[in-house]
Amino acid sequence: MTVQPAPRDDDRGGLRASHDDREAVVEQLRDAAAEGRIDLDELDERLERALTAKTYAELDALTVDLPRPPAPADLPPLPPLELKGGLHGASRGPGRWEVPAQVIARGGLAGVKLDFSRAECRLPEVTVEAYGEAAGVTIVLPDGWAADTTAMDPGIGGLKDTTTPDRLPGTPLIRVVGSGGMAGVVVRHPNRWERRKLASNPPRD
């Protein structure tokens, strides 16, 4: 039996890529499109090739002209974000904001809206502690993002999750925990009015 030598770094191109490898490239391509480095036609073409790539060489060819993203170890963790509805309400989004690993939303007397429509998230998973309390909490996820609400206590107000279970590669999983309280917690994708508003206000680089 002949023992094959371990591949060197410069031989990795012929190795088979994993699902995680493909998802990492998909995320890098989406970031590049958001930054204006590639146009939407290029994005669609490269995404299709990334999702069907079999080797590292095929994936490397899709990002060779793009800046290399910083390694996760180079990114300091963000502190938890806490939103309190209080007497006047609180919201985050739909503009650009960076998502930490933990978000705490307390509905209070006026409610909280947490909108991820244009959020920047480099994490594979985010925990959202939602407490509906007296006025409720609304969580808006972009199409392609998925939510896990199995650990949520619906409380008296209940839990309403209308998001689709189809999660796109490279998107985070939003784990929703906490309690619905008196007013409940809603998890959904953007409604028609919100989609129209997003379309009329394209993101700026």
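**View 1. Span of helix H1 in a predicted model.** Helix H1 covers residues 19-34, and its end C-alpha atoms lie 23 Å apart, which agrees with the 22 Å that its 16 residues should span at 1.5 Å a residue. The expected span is 1.5 Å times one less than the number of residues. Helices (H or I, at least four residues) and strands (E, at least two) are DSSP runs numbered from the N terminus. The model is predicted, with local features needing pLDDT of at least 70 and side-chain atom pairs counting only at pLDDT 80 or more, while totals for chains, interfaces and linings use all residues. Residues are numbered from 1 along each chain as its sequence is written, and side-chain values use heavy atoms, leaving out hydrogens and water. Just after H1, Gly 36 has a positive phi of about 80°.

View 2. Buried residues (under 20% relative accessible area; exposed is over 50%, partly exposed in between; 1.4 Å probe, protein chains only) of H1 are Arg 22, Val 25, Val 26, Gln 28, Leu 29, Ala 32 and Ala 33. They cover an arc of only 165° around the axis, which puts them on the same side of H1; the arc is taken over directions from the helix axis to the C-beta atoms. The exposed residues His 19 and Asp 20 are on the face turned away from that buried side.

**View 3. H1 against H2.** The axes of H1 and H2 come within 9 Å and cross at roughly 175°. Axes are lines fitted to C-alpha atoms, for helices over the stretch in contact, with angles from 0 to 180 degrees between N-to-C directions. H1 and H2 are therefore roughly antiparallel to each other (angles over 145 degrees). In the contact (heavy atoms within 4.5 Å), H1 supplies Arg 22, Val 25, Val 26, Leu 29, Arg 30 and Ala 33, and H2 supplies Leu 43, Arg 46, Leu 47, Ala 50 and Leu 51.

**View 4. The buried face of H3.** Tyr 56, Leu 59, Leu 62 and Thr 63 are the buried residues of H3. Seen down the axis of H3, they fall within an arc of 125°, so they line one face of the helix. Their cover includes H1 and H2.

**View 5. The largest nonpolar core.** A nonpolar core is a set of buried Ala, Val, Leu, Ile, Met, Phe, Trp, Tyr and Cys residues joined through side-chain atoms within 4.5 Å. Among the 25 residues of the largest one, Leu 114, Phe 116, Val 128, Ile 139 and Leu 141 touch the most other members. Strand E5 (125-131) is one of the elements giving two or more residues, and E5 gives the most, with three.

Definitions and conventions. Parallel < 35°, antiparallel > 145°, perpendicular 65-115°, else oblique.
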